[in-house]
Each structure stands twice: as C-alpha cells, then as structure tokens.
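Open the model in your viewer and keep the sequence panel beside it. This tour goes stop by stop, with something to select at each one.

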Amino acid sequence: MESTRKIIFDKRVLLPLVSSLLALGLHIFLPKHSDILAKDFSYFTYSLAGLSAVCAVFAIMSLYSERVRVAYAYKSAFIAGMILLINIYNVITLKFMLIPGVYFPYPDKIIHVFYTHGLFMLKCLAHSLGLLGLGVLGGGITGVLTGIAVGCSKRASYWINPFIKLIGPIPAIVWIPIALVVFSTSFSASAFIIGLSVWFPTAVLTSSGIANIENAYFEVSSTLGASPVYKVLKIAVPGALPSMFIGFFNGITSAFLTLMTAEMVGVKFGIGWYINWQRETMSYANVYAGLIVIGITCFLVVTLLFKTRDKLLIWQQGVIKW
C-alpha cells in the first residue's frame, strides 16, 4: 500500500497574495485624480500582476516543500506589509493626489524611469561601485593593519592611538575640500574619503577584538616557541575576525553615505551624481529611482558580507550572533 504524503497548509502564505491582489484591484478600478493628465504607462499594473503570480507560485510551493513553507510563512507578514505601503502610496498620489505630485511621483512614473534611464543608471552604478570598491579595499586593508598594529604592539598603540582618537571621529566628508586640493583628480580624492570612512571603524574594532582575546593563548604559544608573526596570523587575526566583520559592516554603511556625498560634490559621474543632477532639474521620479538602485545595491553588498562572514566563521557558528 503506497503511503500518501500529507499536505500541510499555512494560512499566512496567502497574505502577500491577498495584499498584491488588493493593490492590483484598487489600481485598476479606482480612477486616477482628474488633475493628472500624464499618459498611463501600465508598468505598475504589470508589476502588480507579476508580483501576484510570484506570490501564488510560492503559496503553491509551500504545500509541497517544508523549507519554503516555513521561510515564506515567516516573511509573509513583512512582504504583505511592504505591498500594502506601496498600495497606500499609490492611492494617495495617483488616485487622490493628497501630496504634491512634483515631489512625490506615483509608482507608475517611477517604474517608467527604469525603462527610459535604466542602462544609463547601470553605467552610473558601475562607476560608483568602482569608486566604492577602491575606497573600501584601501580603507579596509589599512584599517586591519592599523588595528593589528595597535592590538599587538604597545609601542604602536602608544603612537597610533592618539591619531585614531583625534582623526577617526571626524566625519570623512569634512575632509572633501582638503582632499580635492591634495589629490590630482576628483576620483582619487573621493576614493581617499571613502577609504577614510572605512578605516576608522575597521581599525578600532580590529584592535578591540585582539584586545579581548585571552592572554593565555599568547602565553601558551610563547611557551611553545611561537614567533610574533605566528601569534598574529594564527591567534590574533582569527580571534578578532568577528569584530573585524562588525567594523567592515559599519565601514561599508559609512562608505555608501560618503560615496553619495562625494559624488554630489566632486565626481562628475556615478549614481550619486545622477540623483543630484535629477534633483536640480526637478525630476523627482528619477531621484526616487536612483534611491531604489542605491538601496538594492547596499542590501546586496551587505548580504554578500554576511555570507562571507558565515563561511569564514563557520567554526564559531552559534556562538557569534549579530
């Protein structure tokens, strides 16, 4: 006799589907405000229809996969809430025009920007990522080396710590006028400013992580004849890795803020420059589209950092949580 597989249904998986269908229905059947004479692009309609289809697929998959059901049911309330917020924004902008349309464009207008300026925004984003990568790499390496020196050497700590306490707390963007004078190009000046914003939290948390390692590990290694280099590479760095990643996380978030400011002030290309350019021309739909690109990019970069952390710190799984 063949065993029948029991199908388990969780009602929570229907929340995103109901929320997206509600948004689609209101968008189709509720007329737009009479003062809005712009052409209907229907991008928002297609997006909601596609989103509803995806939600329906995940709801069906949850019937046959426990992993999908548990994960999707857990996230369902948040997803439905985000869709509801977009629906409310669409209603108060396109349908009732309760807020100024010049500064708060309706979703269909924002999505239209991706079709008209999508490739150009990708070029701007690529330029920004190159600048961000150079600054983060330089600042991260310098921060780690500074933190190791301060954490492992009392002499280095004596000379370097005062500079960290003096320069570190100053916001990196304050140094933009000086960097533009010192460096030959605005690109190199911006890369330096971004690196400075990453250097401080990385250096401080690296040295703090080394300082929190028990002295017994270093004493035992000295007894066994370990060299200073061995102590740094095999004890100090692995023990400080959790703190290093917290420093990288703080540094990357600061780097994104610094990147946007640097591009708006000095650099003549990039996603921050694009947003500032569109703001000056009062094209706020393009501004919102640029902000969405930045938000997604920041989310992907931080997610990649978390995945890298999980791979490198698998030996501390369940011990370090942040």
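Select Leu 132, Val 136 and Ile 194. In this predicted model, these three touch the most other members of the largest nonpolar core, which has 38 residues. Now colour the elements that give two or more residues to this core: α4 (107-152), α7 (186-211), α9 (228-265), α10 (271-280) and α11 (284-312). Which of them gives the most? It is α9, with 11 residues. As a general rule, nonpolar side chains in soluble globular proteins tend to be buried together.

Stay on Ile 194 and show its neighbours. Leaving aside residues up to four places away in sequence, Ile 194 touches Leu 131, Leu 132, Gly 135, Val 136, Ala 255, Thr 258 and Leu 259. Next, select Val 150, Ile 176, Ile 193 and Leu 196. They are among the 10 residues of another core, which lies apart from the largest one.

## Zoom out to the whole chain

Switch to a cartoon view. Walk along the sequence and the pattern reads α-α-α-α-α-α-α-α-α-α-α.

Turn the model around. Along its principal axes, the C-alpha trace spans about 75 × 75 × 30 Å. The chain has a radius of gyration of 26 Å, whereas a compact globule of 322 residues would have one near 20 Å.

Now show the surface. The accessible surface comes to about 19000 Å², and 70% of it belongs to carbon and sulfur atoms. Of the 322 residues, 38% count as buried.

Select Thr 202, in helix α7. Is Thr 202 buried or exposed? Thr 202 counts as buried because its relative accessibility is 0%, and the cut-off for buried is under 20%. Show what surrounds it. Beyond residues up to four places away in sequence, Thr 202 touches Gly 140, Gly 143, Val 144, Gly 247 and Phe 248.

Move to Thr 142, in helix α4. Thr 142 has 40% relative accessibility, so it counts as partly exposed. Thr 142 and Phe 200 are 58 residues apart in sequence and 9.3 Å apart in space.

Most residues other than glycine have a negative phi. The last two stops have positive values.

Select Ser 42. This residue sits in the loop between α1 (15-29) and α2 (43-61). Ser 42 is not a glycine, yet its phi is positive, at about 65°. Its relative accessibility is 27%, so Ser 42 counts as partly exposed.

Finish at Met 97. Look for it in the loop between α3 (66-95) and α4. What is the phi of Met 97? It is near 50°, a positive value in a residue other than glycine. Met 97 counts as partly exposed because its relative accessibility is 33%.

Conventions. Residues are numbered from 1 along each chain as its sequence is written. This is a predicted model: local features need pLDDT of at least 70, side-chain atom pairs count only at pLDDT 80 or more; totals for chains, interfaces and linings use all residues. Side-chain values use heavy atoms; hydrogens and water are left out. Helices (H or I, at least four residues) and strands (E, at least two) are DSSP runs, numbered from the N terminus. The radius of gyration is taken over C-alpha atoms; the globule rule is 2.2 Å times the number of residues to the power 0.38. Buried means under 20% relative accessible area, exposed over 50%, partly exposed in between (1.4 Å probe, protein chains only). Accessible areas come from the Shrake-Rupley method with a 1.4 Å probe; for residues, only the protein chains shown count as cover. A nonpolar core is a set of buried Ala, Val, Leu, Ile, Met, Phe, Trp, Tyr and Cys residues joined through side-chain atoms within 4.5 Å. Contact means heavy atoms within 4.5 Å.
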